[in-house]
Number of protein chains: 2
Amino acid sequence: MLSFTEENYLKALLHITLEVEHKNEAGTNELASYLGVKPATATDMLKKLKDKKLISYEKYGKISLSDSGRNKAIEILRKHRLWETFLYEKLDFTWDEVHEVAEQLEHIQSQKLVDKLDKFLGFPEYDPHGDAIPNAKGELKPSFKKTLSEAEEGTTCRMVAVKDNTVSFLKYVSQLDLGINTHIQVLARQPYDGSMEILINDSKITVSQKFAENILIV
Amino acid sequence: MLSFTEENYLKALLHITLEVEHKNEAGTNELASYLGVKPATATDMLKKLKDKKLISYEKYGKISLSDSGRNKAIEILRKHRLWETFLYEKLDFTWDEVHEVAEQLEHIQSQKLVDKLDKFLGFPEYDPHGDAIPNAKGELKPSFKKTLSEAEEGTTCRMVAVKDNTVSFLKYVSQLDLGINTHIQVLARQPYDGSMEILINDSKITVSQKFAENILIV
DNA sequence: AAATTAAATTAGGTTTATCTAACTTTTATT
DNA sequence: AATAAAAGTTAGATAAACCTAATTTAATTT
């Protein structure tokens, strides 16, 4: 059983090593500053994580997650994103409020809880930020986060999140009956200004390029 | 902000002092054994809780919760019972599984989460064990836990929990279409063997005294 | 290549929550 | 009331997670 702190270190390492494609390693200072602790503190913990075979690491060297460390980290990420989805979809939290609470909820230990929550939410693939949720096997879909403005003419996509969190934008979004998981069919794009004609819920509407750039789709 | 451990001490004190009517105080050993720690450990924590004005306590004397300590403890109890209700009603946990997970969930810090969860659950008054859930103001309804066998003839009550958790009992309960919040009208009681004629969901059925003794009502 | 800067580690200290062992106070029993 | 038993406290240790200050190693620059 890992402590909250150990879990947070693993999660931080997953985040850092995933941030830059094919980087796959982190430095002590980088990790420490990400977690808001001093490098000396991180060094201590790194020794411990190495002893537990959760990372591979040599003195003065780079850090990378071992297979078991990565699996653990992905489990935590899965919980985090499932809870964010729960808070957003079931409890009406706003996009910006979910993260802080999910930071706490992700540490609850109960396999049954995770699985049942997943089922309760309908096995969602993306969280309210448009990030992929690892499934029960720990498979993490590469999160092809595209904006609606990048969608091809004639294709159908699904809205997974918004980029802009301003009140005026969100009001506009809900006015159009757009929400997470709404299917959007791209009918045409105007070459002049990039505005798009789209079909949602059987009604045809036109949105500006600026608007389309703030809708994340899959 | 209290630590998990401090919260657990307060919760334990609430539990002990509430267990016996009008007792309202606890001893060090009693508290320690309830929490599974050594008396010496409890003594240390009691000093700390006293400094924080959460309990009133003198060396070698009895312990009781201060007003602010009791409020804190009731908040935690509220969270515990709301989460148990959530796990039971929304995630299909069984009666016996909810406690352990709720022990963890009760420590999540977010007023908004508690309030929204409460609303999501429809402001429940009783948890799956039939215990009263403190409301947002911290008001804890005296939990008149009665069994169906104690209900007066001619009255209508509401099922809040079961006492027996065996599979055979639970199967029987669900077979009869009985569940939490089911309304039960007591039609008649047979003086000979205590069996009861009751009305649930517009159908008249007869249950044994043994059965009625294991259904908790309000 | 030497010198400087940046990155990382070590040593020693703090706080929280726990322990054991020894001691003190209170309560109960004879 | 004296003594034994029970209840509670103190002192000193430990482990986890953090810190600062000093030191060492690695990387960069001239």
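The model is predicted. Ser149(B) sits in a loop of chain B, between strands β3 (146–147) and β4 (156–162). Leaving aside residues up to four places away in sequence, Ser149(B) touches Arg189(B), Met196(B), Gln209(B), Ala212(B) and Glu213(B).

Aromatic contacts were searched over the whole structure. The search, covering all chains, returns 12 aromatic pairs. One of them is formed by Phe120(A) and Phe86(B). A pair of aromatic rings is described by the distance of the centres and the angle of the planes. Phe120(A) belongs to helix α6 (residues 111–120) of chain A, and Phe86(B) to helix α4 (residues 67–89) of chain B, so the pair joins two chains.

The two partners fall into separate accessibility classes. Phe86(B) is buried, at 0% relative accessibility. Phe120(A) is partly exposed, and its relative accessible area is 23%. Both rings belong to one aromatic cluster. The cluster consists of Trp83(A), Phe86(A) and Phe120(A) from chain A, with Trp83(B), Phe86(B) and Phe120(B) from chain B.

Lysine side chains also lie over aromatic rings. Lys90(B) is placed over the face of Phe120(B), 4.8 Å from the ring centre. Phe120(B) is itself a member of the aromatic cluster. Lys116(B) lies over the face of Phe93(A), and here the distance to the ring centre is 5.8 Å.

Chain A is divided into three parts: domain 1 (4–65), domain 2 (75–142) and domain 3 (146–217). The C-alpha centres of domain 1 and domain 2 of chain A are 23 Å apart. Their contact draws 6 residues from domain 1 of chain A and 7 residues from domain 2 of chain A. Between them, domain 1 and domain 2 of chain A bury about 630 Å². Carbon and sulfur atoms account for 59% of that area. On the domain 1 side of chain A, the most area is lost by Phe4(A), Glu7(A) and Lys11(A). Together these residues supply 73% of what that side buries.

Charged contacts also link domain 1 and domain 2 of chain A, with a count of 2 salt bridges. Lys11(A) takes part in a salt bridge with Glu103(A), at 3.0 Å from N to O.

Definitions and conventions. Residues numbered from 1 in each chain as written. Chains lettered and ligands numbered in written order. Predicted model: local features only at pLDDT ≥ 70, side-chain atom pairs only at ≥ 80, totals over all residues. Heavy atoms only, no water. Phe/Tyr/Trp six-rings, centres within 6.5 Å; stacked < 30°, edge-to-face > 60°. Helix = DSSP H or I, 4+ residues; strand = E, 2+ residues; numbered from the N terminus. Buried < 20%, exposed > 50% of the residue type's maximum accessible area, 1.4 Å probe, protein only. Lys NZ or Arg CZ within 6 Å of the ring centre and 35° of its normal. Domains from an automatic or database assignment. Contact = heavy atoms within 4.5 Å. Buried area = accessible area lost by both parts, 1.4 Å probe. Salt bridge = Lys/Arg side-chain N within 4 Å of Asp/Glu carboxyl O.
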